[in-house]
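User: I would like to learn how to read features from a structure. Please take me through this one step by step.

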Amino acid sequence: MKRKRDGGMEIVWQTPANTPEKSDYVFVNGRRHVKPYYFEFISHVKNRWAGKTIVDLFAQEFKGRPYDYYVSAVKSGRILVDGQMVPISYVVRSSQKISHFLHRHEPPVMAWDVSILQKETDVVTVCKPASVPVHPCGQYRKNTIIGILQAEYDLAPLFPIHRLDRLVSGLLILATNSTRADIFRQQIEAGLVQKQYVARVVGVFPEGEQVVKANIEYNAREGKSTAEVEEDKYSNTPLKGKTACTKFTRISTDGNQSIVLCEPVTGRTHQIRVHLRHTGHPIANDYLYLSADANLRTVEGMSADRAASMSRLSAGITLTRDPTNHLPEHSNEDFTTDPMCTNCPNLAPKGYDGHEEALWLHCVHYSGPDWSYECPYPDWASF
């Protein structure tokens with residue numbers, strides 16, 4: 001941490017080196033919030049940024065805040081170039097270091113516990129709740145599995161050996177040292193690890209093992225993947241996506257939906273979700289991948305996937321503030337509002353709409369040459 005005078009008040013600025021603490025969290029209406037805090041974001045001028053004024057750079061590249069905010073931030077020293085204050089007309093050069101000191105608001109996550117399943121000398125397994133990202137990314141830093149385990153269980157350092165999408169729940173394996181993590185990763189890369197998930201899908205899934213082999217192409221801009229198959233074996237047009245294979249086996253059905261065991265052979269972005277849609281049986285509350293002809297009455301609540309919305313926000317598209325995200329009056333004393341902050345007095349950042357539910361996809365089993373870990377099935381995985 002470092003202290004800095006700002007507009008007559010002393011502020012303690014945090015960096016990634018500052019570890020989360022239990023007192024950082026506030027629980028409101030079933031959600032885990034992080035008290036807003038002062039944070040130093042550091043970046044370096046990219047070649048395409050060079051030649052722009054410092055204010056135009058921020059206004060054009062980080063559109064989540066108004067132009068006037070960036071003017072004030074430069075004038076007050078909340079935006080520095082190579083550690084120095086500069087005028088708003090300052091033209092940046094390639095590779096220069098830019099520090100942006102701001103009042104950081106993290107998106108909330110569901111207030112479910114991160115329960116420890118097994119704790120060994122160099123391995124910890126947990127049951128990851130949906131809505132919580134595994135590690136710091138985007139707007140999330142403390143509201144992550146890594147941050148929560150550090151704050152509530154004093155577990156650090158931790159090395160996730162596989163990843164689960166933010167809205168996916170279930171088994172997460174973490175090594176407590178880099179040596180053990182490397183062993184896990186080498187086994188995964190060598191194809192020596194078997195993975196099992198369970199999903200709740202639309203319709204009556206076919207009996208018997210169903211093997212899907214369809215290339216997957218991920219569109220980072222849209223935050224969405226598509227499946228590709230070679231329609232003409234004599235075509236000279238190569239497929240764009242990466243090869244992918246998933247095995248599916250129906251566990252049960254009630255005639256409207258089915259519980260399906262999913263065994264990914266490869267590990268592509270959104271692989272299980274895309275391959276299930278490819279079979280005509282998308283995950284029943286997966287709004288991002290529900291087929292156009294899917295019975296939308298099977299979808300309960302709002303979209304299960306807000307990752308696309310958050311990626312748009314990160315790209316600079318301002319979304320509408322949800323007035324329901326104000327912190328109740330009795331909790332206002334839990335954090336200090338900042339006069340320059342464009343998110344205060346809300347706990348959640350601008351753009352968070354507050355409507356999420358757990359995706360019906362849950363990791364239940366991972367096994368390797370000499371190890372095996374499991375996680376209990378969720379309540380929705382039975383009829």
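User: Let me start with one side chain. Is R273 buried or exposed?

Analyst: One caution before the answer: this is a predicted model. Buried means under 20% relative accessible area. R273 has 3% relative accessibility, so it counts as buried.

User: What does R273 form a salt bridge with?

Analyst: The general idea comes first. Side chains of opposite charge can pair when their charged atoms come close. Here D165 is the partner of R273, with the closest N and O atoms 3.9 Å apart. The two sit in distant parts of the chain, 108 residues apart. D165 is in the loop between β11 (159-160) and β12 (169-175), while R273 belongs to helix α5 (residues 271-278).

User: Is D165 buried or exposed?

Analyst: D165 is buried, because its relative accessibility is 15% and the cut-off is 20%.

User: Which residues are linked with D165 and R273 in a network of salt bridges?

Analyst: R163 and D286. Together with D165 and R273 they make up the network.

User: How many salt bridges does a search of the whole structure find?

Analyst: Ten. One of them joins the side chains of R78 and D338, at 2.9 Å from N to O. R78 lies in the loop between α2 and β6, and D338 in the loop between α6 and β19, so this pair ties together parts 260 residues apart in sequence. R78 is buried at 1% relative accessible area. D338 is buried too, at 4%.

User: Which residue forms a salt bridge with R250?

Analyst: E207, with 3.2 Å between the closest N and O atoms. R250 is in strand β17 (residues 245-253), and E207 is in the loop between β13 (194-202) and β14 (210-213). They are 43 residues apart. R250 is partly exposed, with a relative accessible area of 24%. E207 is exposed, at 64%.

User: Now a sheet. In what order do the strands of the three-stranded open sheet come?

Analyst: Strands of a sheet pair through backbone hydrogen bonds, either parallel or antiparallel. In this sheet the order is β5-β7-β6, with antiparallel pairing. β5 (37-44) and β6 are the edge strands, each pairing on one side only. From one strand to the next, the twist averages 20°.

User: How many bridges join β6 to β7?

Analyst: Three, and the two strands run antiparallel. For a landmark, find V81: it stands opposite I98 in β7. Then look at the helix on the sheet. α1 packs there, touching β6 and β7, and its direction makes about 55° with that of β7.

User: How does α2 run relative to β7?

Analyst: α2 lies across β6 and β7, at about 110° to β7.

User: Which residues of α2 are buried?

Analyst: In α2 (residues 67-76), they are Y69, Y70, V71, A73 and V74. These buried residues pack against α1 (54-61), β6 (79-81) and β7 (97-104). Just after the helix, G77 takes a positive phi of about 85°.

User: Which residue has a positive phi of about 90° although it is not a glycine?

Analyst: Most residues other than glycine have a negative phi, and most peptide bonds are trans. The residue you ask about is S131. S131 is in the loop between β10 (123-128) and α3, and it is buried at 2% relative accessibility. D154 is also a residue other than glycine with a positive phi, near 55°. D154 sits in the loop between α3 and β11. At 66% relative accessibility, D154 counts as exposed.

User: And the peptide bonds: what is omega for the cis bond from A156 to P157?

Analyst: Near -5°. P157 is in the loop between α3 (145-153) and β11. Another cis peptide bond joins C344 and P345, with omega about 10°. P345 lies in the loop between α6 and β19.

User: Finally, the whole chain. How many helices and strands does the chain have?

Analyst: Six helices and 20 strands. Of the 383 residues, 50% are buried. The chain exposes about 18,800 Å², and carbon and sulfur atoms supply 49% of that. Among contacts between residues at least 6 apart in sequence, 67% join residues at least 24 apart.

Terms used: Residues numbered from 1 in each chain as written. Predicted model: local features only at pLDDT ≥ 70, side-chain atom pairs only at ≥ 80, totals over all residues. Heavy atoms only, no water. Buried < 20%, exposed > 50% of the residue type's maximum accessible area, 1.4 Å probe, protein only. Helix = DSSP H or I, 4+ residues; strand = E, 2+ residues; numbered from the N terminus. Contact = heavy atoms within 4.5 Å. Pairing = 2+ DSSP bridges. Axes fitted to C-alpha atoms, helices over the stretch in contact; angles between N-to-C directions. Salt bridge = Lys/Arg side-chain N within 4 Å of Asp/Glu carboxyl O. Areas by Shrake-Rupley, 256 points an atom, 1.4 Å probe, with all protein chains shown as cover.
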